[in-house]
Amino acid sequence: MEAEDTVRQAYQVYYRRLVTQVFGLVGDLAEAEDAVQEAFARVLASPRSFLKADDAERWLRVVALNVARTRYRRRWLFDKLVRAGRVDVPAAVPGLTADRVALLTALRRLAPPTREAVVLHYLADLPVGEVAATLGVPEGTVKARLSRGRTALARFLNDDEAAPLTEEARHA
C-alpha cells in the first residue's frame, strides 16, 4: 500500500508538469497525456525502480519521454504525409492561442533531439545539467542543441508562411 500512496502523491505533484513538457515535444495534448499516464502505469506495474530513484520526477520524465519517442517513431509515416500535404492539419487547436499554436508548430519542425532539449530547458524550466541528465548526453551537447534550436525557432517563427522542411531544418 505504501508504493501506491507514493505513486498517488507523485501523480498529484508531477502529472501536470510532465504533461506540459511532453506536450511541448509532441504538440498533441492527448498524446502527451497518454505518454505520462503510461509512465505512471509502468510505475504501478513495477514500482521498485521508481521507489529507489533519487529523483522521482526525473525518473517519470525519462519514462514519459521514452514513451513519447516510441510513439513519435510510430507516427513517422503520418507526419511524412502531413508534410507532403496529403493530410490536412487543423489551423487552430481548441483552447490554444495562435501564438501557442505557432510555437508548437515551430517546435515540431525541429529534429527530435533538439526539440527535446528546447522543451525541457525552456518549457520545463530545467537547468542544462538536468536536461543533460534526463537525456543521457553531455552538457555541451545540450548547449549545442539549445543554440541550434533557438536559431531555428527564430527563423521558423519569423517566417510569414510555413515553408516545407528544408534539409537544414531537418537537422536543426
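**Entry 1: the whole chain**

A residue is buried when its relative accessible area is under 20%. With that cut-off I looked at the whole protein, which is a predicted model. Buried residues make up 36% of its 172 residues.

I checked the confidence next. The average pLDDT is 82. I noted that 79% of the residues score at least 70.

Then I counted the secondary structure. I found 10 helices and zero strands. Along the sequence the pattern reads α-α-α-α-α-α-α-α-α-α.

I also looked up how the contacts span the chain. I took those between residues at least 6 apart in sequence, and 62% of them join residues at least 24 apart. The accessible surface comes to about 10,200 Å². Carbon and sulfur atoms hold 52% of that surface.

**Entry 2: helix α1**

I followed α1 from residue 2 to residue 26. Where does helix α1 bend? The bend is at Tyr-14, by about 50 degrees. Tyr-14 is also one of the buried residues of α1. Others on that list include Val-7, Ala-10, Tyr-15 and Leu-18. The list also takes in Val-22, Phe-23, Gly-24, Leu-25 and Val-26.

**Entry 3: Gly-27**

I stepped off the end of α1. Gly-27 comes just after the helix and has a positive phi of about 70 degrees. Gly-27 sits in the loop between α1 and α2, and α2 covers residues 29-45.

Is Gly-27 buried, partly exposed or exposed? Its relative accessibility is 30%, so Gly-27 counts as partly exposed.

I looked for what Gly-27 meets. Leaving out residues up to four places away in sequence, Gly-27 touches Val-22, Leu-104 and Arg-108. I also took a distance to Ala-106. The two C-alpha atoms are 9.8 Å apart, while Gly-27 and Ala-106 are 79 residues apart in sequence.

**Entry 4: the nonpolar core**

Which residues touch the most other members of the largest nonpolar core? They are Val-22, Val-36, Phe-40 and Leu-60, in a core of 42 residues. Two or more residues come from each of α1, α2, α4, α6, α7, α8 and α9. Of these, α6 covers 98-109, α7 covers 112-123 and α9 covers 139-158. Helix α1 gives the largest share, 10 residues.

I then picked out Val-22.

Side chains of opposite charge can pair when their charged atoms come close. I counted seven salt bridges in the structure.

I started in α2. Glu-38 pairs with Arg-42, with the closest N and O atoms 3.0 Å apart. Both residues lie in α2, four residues apart, about one turn of the helix. Glu-38 has 30% relative accessibility, so Glu-38 counts as partly exposed. Arg-42 is at 42%, so Arg-42 also falls in the partly exposed class.

I moved on to α4, residues 56-74. Arg-61 pairs with Glu-57, and their closest N and O atoms are 3.5 Å apart. These two are also four residues apart in one helix, about one turn. Arg-61 is at 3% relative accessibility, so Arg-61 counts as buried. Glu-57 is at 14%, so Glu-57 is buried as well.

**Entry 5: a salt bridge between helices**

Glu-130 forms a salt bridge with Arg-58, and the closest N and O atoms are 2.7 Å apart. This pair links distant parts of the chain. Glu-130 is in α8, residues 128-135, and Arg-58 is in α4, 72 residues apart.

Why does Glu-130 count as buried? Its relative accessible area is 15%, and the limit for buried is under 20%. Arg-58 has 28% relative accessibility, so Arg-58 counts as partly exposed.

Definitions and conventions:
Residues are numbered from 1 along each chain as its sequence is written. This is a predicted model: local features need pLDDT of at least 70, side-chain atom pairs count only at pLDDT 80 or more; totals for chains, interfaces and linings use all residues. Side-chain values use heavy atoms; hydrogens and water are left out. pLDDT is the predictor's confidence in each residue, from 0 to 100. The bend at a residue is the angle between axes fitted to the seven residues ending there and the seven starting there. Buried means under 20% relative accessible area, exposed over 50%, partly exposed in between (1.4 Å probe, protein chains only). Contact means heavy atoms within 4.5 Å. Accessible areas come from the Shrake-Rupley method with a 1.4 Å probe; for residues, only the protein chains shown count as cover. A salt bridge is a side-chain nitrogen of Lys or Arg within 4 Å of a carboxyl oxygen of Asp or Glu. A nonpolar core is a set of buried Ala, Val, Leu, Ile, Met, Phe, Trp, Tyr and Cys residues joined through side-chain atoms within 4.5 Å.
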